[in-house]
Amino acid sequence: MTENIDVLIIGGGPAGLAAAVKLWDRGFHSLLILEREKQLGGILRQCIHDGFGLTRFGTTLSGPEYAQRFIDEVREREIPFLTNAAVINIAPDKCVTAATRDGLRKWRAKAVVLAMGCRERTRGALAIPGERPAGVFTAGVAQAYMNLYNRMPAREVVILGSGDIGMIMARRLTLEGAHVQAVFEVLPYPSGLPRNIEQCLNDYNIPLFLSHTVTNIHGSARLTGVTVSEVDSRMKPIPGTEKEYACDTLILSVGLIPENELSLDAGVTLDGRTRGAEVDEFFQTSVPGIFSAGNVLHVHDLVDFVSLEAEALAEGCARYLSTGLPGCTLNIVSDKTVNHTVPMRVSGTQNIALSLRPSRPFRDCRIVVKQEGTEVASKKMKKAIPAEMIQMTIPASKLSGKGDILVSIEAVQTGEETAHRASAGTGASCPSEGD
Ligand SMILES: Cc1cc2nc3c(=O)[nH]c(=O)nc-3n(C[C@H](O)[C@H](O)[C@H](O)COP(=O)(O)OP(=O)(O)OC[C@H]3O[C@@H](n4cnc5c(N)ncnc54)[C@H](O)[C@@H]3O)c2cc1C
């Protein structure tokens, strides 16, 4: 039997919970959150370090504390949710099928909110040559072992990738008695936040080697070591630079991939750069009535922005259900200085909250937004780095009804030169520190 409902929210992490609370407060009570895990909260359940909530709540919280604030709001309002409910299909007509404790269940929704988060890139995706021993984990898996299941997975550790989760795990493993030898990053600059480099690596004397990667994995039953090589400017290993590191664990922190298999089933168009849905300013995807926010839309560094984005989505979704949404015919495009922008299409009828990431580090730069050659918004920045999402507003009053909106970064000086200097590996130095 197919049940009818106004809004189905897929994923009970920070994005799904914030969207549900906002929609409820706007008077939409025919809604349901579907979560495949046994508890609400998303990935934050395993992030027991602090640093969450500074923007949203003005105080620093641990991941479970931040999630609990939203779970409490859901419970206070008695918003319906179903855990142990894995959505297995979304049809383009917004018919959703989930595997639940009561068997397969189906809903036909007026609107669907995609809030499925993302998963980690694995060894398979990197194609590192070598043996296939135990002891190669993604940072999130190691984090789950330690923080959710109270298991110590490592003693001698090498970390590949300077993503935030890897650096947080470098500190966590050190505090639990493991020895973290080094973090190796293939790029000439770190991919995680400066605050994590400072607090998780520098504070514990863990060196960060930029422009380095793991080129071989050794061991049969358990990992016995890895080979690390320097890479050239095209990220190709340089022959003769190989160095062996004896270790029992290799932690991978090499990127997150938005979980969009269900979105593709629903006919949603994905953006090649974000690997999330192409959305307009209301967070509506290419399929009318299907919305997307949070890490499934684009990878965020701070959960506070996930919650704010999901609340903006809820406003758009509420408007879709009540009056309908205006057409969004103005495209936002960028040049090679910008990795991506969200949204990708706008109506020009209201101010736009633009999120973007630079494609490389910049210092003393300006984010410039132009339409038909005329500057419509700009933001001066002392530094802009790929690890930090930038947010700015484009005022509707400056936009005309036609012509692409071009976003670019005008640099005075790039940070790459400094980044290359840090690759000597004498310590956990970072080009964006100390500004
Ligand atoms: C290890 C780690 C450390 C982090 N550290 C920080 C930090 O220090 N500070 C900070 O601000 N941010 C941090 N973040 C980022 C922050 O946690 C994320 O930005 C945030 O959790 C994203 O929220 P989300 O709701 O989009 O996704 P998630 O939290 O991933 O939630 C998605 C939910 O959807 C569910 N789901 C997926 N597919 C389905 C399906 N088919 N059916 C039903 N349910 C489904 C999942 O089970 C999950 O519960 C960290 C992230 C990670 C991974």
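Is Asn147 buried or exposed in this structure? Before I answer, please keep in mind that what we are looking at is a predicted model. At 16% relative accessibility, Asn147 counts as buried, because the cut-off for that word is under 20% relative accessible area.

Let me place this residue for you. Asn147 is found in helix α4, which covers residues 139-147, and seven of the nine residues of that helix are buried, so α4 is largely enclosed by the rest of the structure. Besides Asn147, the buried residues of α4 include Ala139, Gly140, Ala142, Gln143, Ala144 and Met146. The cover over these buried residues includes β9 (118-120), β10 (136-138), α5 (164-175) and β17 (249-252).

Which residues does Asn147 touch, if we leave aside those up to four places away in sequence? They are Gln46, Ile48 and Arg172. With Gln46, the side chain of Asn147 reaches the backbone oxygen at 2.8 Å, while with Arg172 there is a polar contact of 2.7 Å between the two side chains.

I would now like to turn to a strand, β23, which spans residues 352-358. Six of its seven residues are buried, so β23, too, is largely enclosed by the rest of the structure. Strand β21 (residues 338-342) runs antiparallel to β23 and is joined to it by four bridges, and here Val342 has Ser355 in β23 as its bridge partner. β23 also pairs with strand β26 (residues 390-394), again in the antiparallel sense, over five bridges, with Ile352 standing opposite Ile394 of β26.

Technical notes. Residues numbered from 1 in each chain as written. Predicted model: local features only at pLDDT ≥ 70, side-chain atom pairs only at ≥ 80, totals over all residues. Heavy atoms only, no water. Helix = DSSP H or I, 4+ residues; strand = E, 2+ residues; numbered from the N terminus. Buried < 20%, exposed > 50% of the residue type's maximum accessible area, 1.4 Å probe, protein only. Polar contact = N/O pair within 3.5 Å; in protein donor to acceptor, adjacent residues only side chain to side chain. Contact = heavy atoms within 4.5 Å. Pairing = 2+ DSSP bridges.
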